Amino acid sequence: LLGAAAAFAPSPLNAQRSSALNVSINTSDIKNGLTVEIDGEPYKVLNFSIMKQARGAAKTTVKFKNLMKGNTIENTYRSGEKFETAMIEKKASQFTYVEDNGNHFFMDSETFEEVVVEANICESAVKWIDEGMELNLIYFKGKVIEVQVPNTHVYTVVETEPSLKGNTANAHTKPAILSSGATVTIPGFIEQGSQIKVDTGKAEYLERA
C-alpha cells in the first residue's frame, strides 16, 4: 500500500492535472504531506511519531491540519489502524493577481478559466506566491483547499543591506525581503536586485540564479 499512498503526497509540478481516488491505508503508510479523509473532511499529515511498547502493538501519534478549516488536531492510533486517503485533484495554475481583501486569482493552465481562492486558503502559502508563479491548486470535492507552491523558485531580492567590501564568502549573512514578500537569510555578497533560488519548504537560500 505504500506505493499507492505515495500518490497522495506532495509532488513536483510535473503534470497539468492529476487526481487521487479514495484508497484504504494503515498506520504503516503514514507520511508527512499525505492527505486523508476524516469525518468527511480533508486532513494533511504535518508530522507523526511512532512509540514502540515493550508489550503490545506500537502506537502512532499524528498531527493533522484540516485543509478546509485550518485548525490542527493530534490523534493517536494503534498499529494497523485504517485510514481513507482523500479524493483530491491537483490542477496546474498560474497566479494572476490579488485583491485588497486577500483573495487570490489564478488561471487554470489547461482550461484558462479564472479561479478565485479565498484569503484563508492561501494563508500558509501567500508569502511565497510570486508574480506570474506557476503552481498547483489542490481540490477536494470541487473546492480549492490548498495552494501548493513549487519546492524551489527563483525570486528577486527587493530589499537588503548593502554588500560590504570583503564579504565574498558565505560566513557573513543578512536578511533579505523577496519579491513575494517572504524574508530569508542570504549571503552577505548578494545585492539588492539579484535573483536567487530559494527552498520554499525550508525558507532557505540555495544559490544565486
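The model is predicted, with local features requiring pLDDT of at least 70 and side-chain atom pairs pLDDT 80 or more, while totals for chains, interfaces and linings use all residues. Residues are numbered from 1 along each chain as its sequence is written, and side-chain values use heavy atoms, without hydrogens and water.

**The whole chain**

Display the protein chain as a cartoon: 2 helices and 17 strands are present. Helices (H or I, at least four residues) and strands (E, at least two) are DSSP runs numbered from the N terminus. Of the 209 residues, 40% count as buried, where buried means under 20% relative accessible area, exposed over 50% and partly exposed in between, with a 1.4 Å probe and protein chains only. The accessible surface comes to about 11600 Å², and carbon and sulfur atoms account for 48% of that area; the areas are Shrake-Rupley values with a 1.4 Å probe.

**The open sheet**

Select strands S2 to S7. These 6 strands form an open sheet in the order S2-S7-S3-S4-S5-S6, with antiparallel pairing; two strands pair if DSSP finds at least two bridges between them. Strand S2 (24-26) and strand S6 (72-78) stand at the edges with a single partner strand each, so one side of each has no neighbour in the sheet. From one strand to the next the twist averages 50°, with axes fitted to C-alpha atoms and angles running from 0 to 180 degrees between N-to-C directions. Next, select residues 59-66, which are strand S5; this strand pairs with S6 over 7 bridges in the antiparallel sense. Within this pairing, Phe-64 stands opposite Ile-73 in S6.

**The aromatic cluster**

Show the side chains of Tyr-43, Phe-64, Tyr-77 and Phe-83, which ring pairs link into a cluster. Rings of Phe, Tyr and Trp (its six-membered ring) pair if their centres lie within 6.5 Å; planes under 30 degrees apart are stacked, over 60 edge-to-face, and the rest tilted. The ring centres of Phe-64 and Phe-83 are 6.5 Å apart and the planes meet at 55°, so this pair is tilted. Phe-64 in strand S5 and Phe-83 in strand S7 (residues 82-85) are 19 residues apart in the chain. Tyr-77 and Phe-83 form an edge-to-face pair, 4.7 Å centre to centre with 70° between the planes. Tyr-77 is buried at 12% relative accessible area, and Phe-83 is buried at 7%.

**The cores**

Now select Phe-106, Val-117, Leu-137, Val-147, Leu-178 and Ile-196, the residues with the most contacts inside the largest nonpolar core, which has 27 residues. Such a core is a set of buried Ala, Val, Leu, Ile, Met, Phe, Trp, Tyr and Cys residues joined through side-chain atoms within 4.5 Å. Strand S11 gives the largest share, 3 residues. Apart from this core lies another, of 11 residues, including Ile-25, Ile-30, Val-36 and Phe-83.

**The S11-S12 hairpin**

Move to S11 and S12, which are antiparallel and joined by 5 bridges. Phe-140 stands opposite Lys-143 in S12. Of the 2 residues between the strands, Lys-141 takes a positive phi near 55°. S12 is largely enclosed by the rest of the structure, because 5 of its 6 residues are buried.

**A loop residue**

Finally, select Asn-103, in the loop between strand S8 (88-98) and strand S9 (104-108). At 18% relative accessibility, Asn-103 counts as buried. Beyond its neighbours within four places in sequence, Asn-103 is in contact (heavy atoms within 4.5 Å) with residues including Tyr-97, Val-116 and Glu-118.
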